[in-house]
Amino acid sequence: MKGLFSYLQAIWARRHFWLSLVRCDIRARYRGSLLGIAWSMLQPIAMTTILCGVFSTIFHTAIADFAPYLMAGLTYWQFITTTSLLGCHCFFTSECYIRQHPAPMAIYPLRTMLGSAFHFLIGYVLVIGLSLAFHGVGFISVAGLLSLIPTFVLLAAFGWALAIIFGLATVRFRDLKHLSEVGFQALFYLTPIMYGPDQVQSLLERRTVGWMFTLNPFVPILNLIRDPVVAGLPPALSSYLAGTLLTLTTVVVAGLALRSQERKIIFNL
Amino acid sequence: MARIELNSIGLTFRVRRHFRMGLKEFLLGQMFRRSRNPMLDVHALSGVNLRVERGDRVGVIGHNGAGKSTLLKLLAGVYQPTHGTMAVEGKVSSLFDLALGFETDASGWENIAYRSYLQGETPRTVKAKRDAIAEFTGLGDFLNTPVRYYSAGMLVRLAFSIATAIDPEILLVDEVLSVGDLAFQEKARQRMHDMMDRAHLMVMVSHDLEALAKICNRAIWMDHGRMIQEGPIEQIVAAYRASAMTVKAA
């Protein structure tokens, strides 16, 4: 416990370092302009527009409910995949720092996660805007908005742990990123992002695929993120319980893996 | 109080014999067949005992691959020992792998900040010494351009200026006496000497025995990861020279 505390303290002591690197990444990504930010949001917006067009034409889905639901899911999914896939290389891209100066290894996956988190937040603000545009300004309750604070904390911890796990695994197996890309592509269809609530219900009842949706580790936090913009209300307590349990498990796995590998990473870069 | 103490330090790491392994090779080659790419134990350091007190200037000599730079990285905390105990007390500044560690898309100014933060500085202390660092690099307007457009020499100048802008208690140096062009070399040498004067203790790796003899008072001789001799600099340098001569004669 004492070791953990001093480790976190060491991370905090280096905050100027990793925060300025995150700022550098953000600046490089958006080129310091509003247009840059808009450009980077094109992907979820275009995806949402296309899918909404398709679904409302074929399945006659009501756009007002479906658009915020879909875009929240897509934004979340983009955070998960970029954090994990960029996380794969987090130790390799930081090799120059690792070889020069001792610092807690967890700061490099943290940099990756914070970069994607910034992007996620911009996307989520758009989602809130979309939801309010369709349902009226008072749609999302204050409790619903406040519920996002613990949700974002969970999401950040979950993302950090994912980046650590993928980073360590890639140090061990070089070709992991490639496989992960395929894996996430498959997982996308096993995560209720494109499927509306009714379709999810019918999928869950099918014996062949239902269990995959139930066991999918990316679902609990997705629900926490989507409920406020879809229903305007804070998520159920049971959703928080599931999300917290999942995050804790992932964080513990990442922490244990990091503890055993922290000193060995440098020899495998 | 600056102090270094190593007690029977060993550093062993495992690497693959041929290439780094992917999941594909692991699944194909490890689970179903006997490995064609076995693990290899590298004993980079073994049984190293060393005490360095305030005022000591220690030169490290030995052949290539003797473990000199590994020892330095261990003292810097970049490597952790796998055996033995060590204590390094004091603010460490290390001068090695100088050209590494830049964000290539960021400007020289920004990299000054990043690198200083990594060394433990804060925005306030960086602000105070930024201009002095910039001045010393002599890069002028180039500091506004991304580092990716710098030449190798310019990178080293920038790195050297940042790394030497702190007042360390423990100074670790690995063969950086020849930095940049002629004019900068002279400036760099002067600054190195200033730093060495101010540092409480210093450990320096070099193949330049003349320079070591001038700067250091003690020396250690490394061979195959072991410390084979330790003592006053003249004595060790003489012994090392003699051994190199016998190898040549034989």
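Buried here means under 20% relative accessible area, exposed over 50%, and partly exposed in between (1.4 Å probe, protein chains only).

**View 1. Burial in chain B.** Of the 250 residues in chain B, 48% are buried. This is a predicted model, where local features need pLDDT of at least 70, side-chain atom pairs count only at pLDDT 80 or more, and totals for chains, interfaces and linings use all residues. Residues are numbered from 1 along each chain as its sequence is written, chains are lettered from A and ligands numbered from 1 in the order written, and side-chain values use heavy atoms, leaving out hydrogens and water.

**View 2. The fold of chain B.** You'll find 8 helices and 9 strands in chain B (DSSP runs numbered from the N terminus: H or I of at least four residues for helices, E of at least two for strands). The C-alpha trace of chain B spans about 60 × 55 × 40 Å along its principal axes.

**View 3. The helices of chain A.** Chain A has 15 helices and 0 strands. Its C-alpha atoms fill a box of roughly 60 × 45 × 35 Å along the principal axes. Buried residues come to 48% of the 269 in chain A.

**View 4. Confidence along chain A.** Mean pLDDT (the predictor's confidence in each residue, from 0 to 100) is 89 for chain A, with 99% of its residues at 70 or more. Among the elements of chain A, helix 3 (residues 34-40) has the lowest mean, 78, while helix 10 (residues 148-172) has the highest, 95.
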